[in-house]
Each structure stands twice: as structure tokens, then as C-alpha cells.
Amino acid sequence: MESYLLSNEQFTTKLRQVGEERYHDKHPYHVAMHEGKLSPAQLQAWIANRFYYQKNIPIKDALVLSKLPSREDRREWIQRIIDHDGREGSEGGIEAWIRLGEAAGIPREEMLDERRVLPAVRFAVDAYVNFCRLEPWPIAVASSLTELFAPSLVSKRIAIFEQLYPWIRPEGLAYFQARLHQAPRDADHGLSLVLRECKDRRDQEQAISALRFKCDVLWALLDALSLAFPGENER
């Protein structure tokens, strides 16, 4: 391993390279989704299984929150939990994802009881939550930096769902619309924490590895879906 400290610009470039190489938008299942090639059953499977990830986001964020040493950082980080868990009168991202499922024809009870969640998806998401529980908080924060790559993808997804999957009721897209402003805010805060706290090259490399791990988690979700719901050309 190189011993010199990367500049903030070099470090940020290396973090972004992880997304360019390994973010889940390059997975064949995801590519097929954005080309309008998924059947209703395949898209429903993605929504239902991705929900297990979505519902665990505020749990991993609470684990990170519990380790943040400063009041200022905790005040900013807690907004992530509120965004997903919501407040009275503003139900948040978990409810919005349930409504995406309903808009795609999945009954609410089937979203909530997790009957559609594949074992490999559960295993991968649980591994991510445990990673954030066990690792030092700057490394856990680094694993969340897939948010750097999300905004442009979410913007595309809204247009793609509207154009290529018109059978999904439009009110189901509220989750993605909210993330258009939430994800850039979260990414900016998370990146600032990682740049501030990674004080030597070893820390920087651990942060880069953490982001690779998170990309692997998201990739594993799609691997599981590909095996369980293959396309016609994969049978």
C-alpha cells in the first residue's frame, strides 16, 4: 500500500471511481430494468426485495448516529433517519416505498411481511447493517457514499418508470422524487465527514474498501434477483 496521504481531490476521485466501476446500475438486471425489459413479475420482485434494504437504512443510520462524537454531526445525521422513518403527518421514505409497491400491484401486507424477500437479499442487507454496527464510524459513513452516484440514477429512473412502465401508478414514484434533493445533501455531508476523519493513507484505503463493500451488497441483491427471476434470454 502507498504510504502518502491522498489530497482531498485525489481521495474523492478514487471514491468516485468505485462507483464508475462497481455501482449496481451496471448489473444486467438493473440495465434490463432501465431498458424497459423487465416483466411485471421481475419489477415487482425488485421492489419487494429492495424494500428490505430500504427498511434497514434508518437502522444502519441509527448505528452510525450512536457513534458520532459531536453534537453538530449528530444533528445533521439524524435527518437521514427522519427522512426514512418520517414524522407524524409526513410518513417518510419507508412508507413511500410501500406505496411504490402498492402502485406496482403488490399488496401492502406482502411488503410488510417480507414473504417475497429472497434469503440472499436478507443475508446481504444484514451484512451491511452489521458492517455499520462493527466498523469505526468514519468507515461506516464511507460505506454510505453510494449516495454520490444516486442522484443522476434516480432522475433517470423516474423518467424510465413513467415512460416504460406506465402500469405503475404515478403516485408510487414519490420516493424517487424525494431522493432527488435528499441524496445530494446526504452525500455532501457524508463525504465531508470522510475527508475530515481519514487522516492517513490507511484510513483512506479502508474508506475506499468500505465503499466497494457497499457496492458489492447492492450487486448481490441483483444477483439474487437474476437467479430467482431470470429473463427469457437467460433461461
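The largest cavity has a volume of about 330 Å³. The model is predicted. The structure holds one cavity of 30 Å³ or more. Helix α3 gives the largest share of the cavity lining, six residues. Helix α3 also packs against α7 and against α11, and α11 in turn comes within 10 Å of α1, axis to axis.

**Cavity**

- The lining of the largest cavity counts 27 residues.
- Nearest the centre of the largest cavity lie R50, Y53, A150, Y175 and R179.
- Two or more lining residues come from each of α3 (40–65), α4 (71–85), α9 (150–164), α10 (174–197) and α11 (201–228).
- By class, the lining holds twelve nonpolar, ten charged and five polar residues.

**α3 with α7**

- Helix α7 covers residues 119–134.
- The axes of α3 and α7 are 9 Å apart, and the packing angle is about 10 degrees.
- Angles under 35 degrees count as roughly parallel, so α3 and α7 are roughly parallel to each other.
- On the α3 side, the contact uses N49, Y52, Y53, N56, I59, K60, L63 and V64.
- On the α7 side, the partners are V121, R122, V125, D126, Y128, V129, C132 and R133.
- This contact of α3 with α7 divides into ten nonpolar, two polar and four charged residues.

**α3 with α11**

- The axes of α3 and α11 are 10 Å apart, with a packing angle of about 145 degrees.
- The crossing of α3 and α11 is right-handed.
- A45, W46, N49, R50 and Y53 are the α3 residues in this contact.
- They meet K214, L218, L221, L222 and L225 in α11.
- The α3–α11 contact has seven nonpolar, one polar and two charged residues.

**α1 with α11**

- Helix α1 spans residues 8–22.
- The axes of α1 and α11 come within 10 Å and cross at roughly 20 degrees.
- That angle falls under the 35 degrees cut-off, and α1 and α11 are therefore roughly parallel to each other.
- The α1–α11 crossing is right-handed.
- From α1, the contact draws on F11, K14, L15, V18 and R22.
- From α11, it draws on R201, Q204, A207, I208, L211, R212, C215, D216 and W219.
- Eight nonpolar, one polar and five charged residues make up the contact of α1 with α11.

Notes: Residues are numbered from 1 along each chain as its sequence is written. This is a predicted model: local features need pLDDT of at least 70, side-chain atom pairs count only at pLDDT 80 or more; totals for chains, interfaces and linings use all residues. Side-chain values use heavy atoms; hydrogens and water are left out. On a 1 Å grid over the protein atoms alone, a cavity is a set of points where a 1.4 Å probe fits but cannot get out, and a pocket is an open set with protein on both sides within 12 Å along at least five of seven lines; lining residues have an atom within 4 Å of a point. Grid points are joined across faces, edges and corners, and a volume is the space filled by probe spheres set on the points. Helices (H or I, at least four residues) and strands (E, at least two) are DSSP runs, numbered from the N terminus. Ala, Val, Leu, Ile, Met, Phe, Trp, Tyr, Cys and Pro count as nonpolar, Asp, Glu, Lys and Arg as charged, and the others, Gly among them, as polar. Axes are lines fitted to C-alpha atoms, for helices over the stretch in contact, and angles run from 0 to 180 degrees between N-to-C directions. Angles under 35 degrees count as roughly parallel, over 145 as roughly antiparallel, 65 to 115 as roughly perpendicular and the rest as oblique. A crossing is left-handed if the near helix is turned anticlockwise from the far one by less than a right angle, and right-handed if clockwise. Contact means heavy atoms within 4.5 Å.
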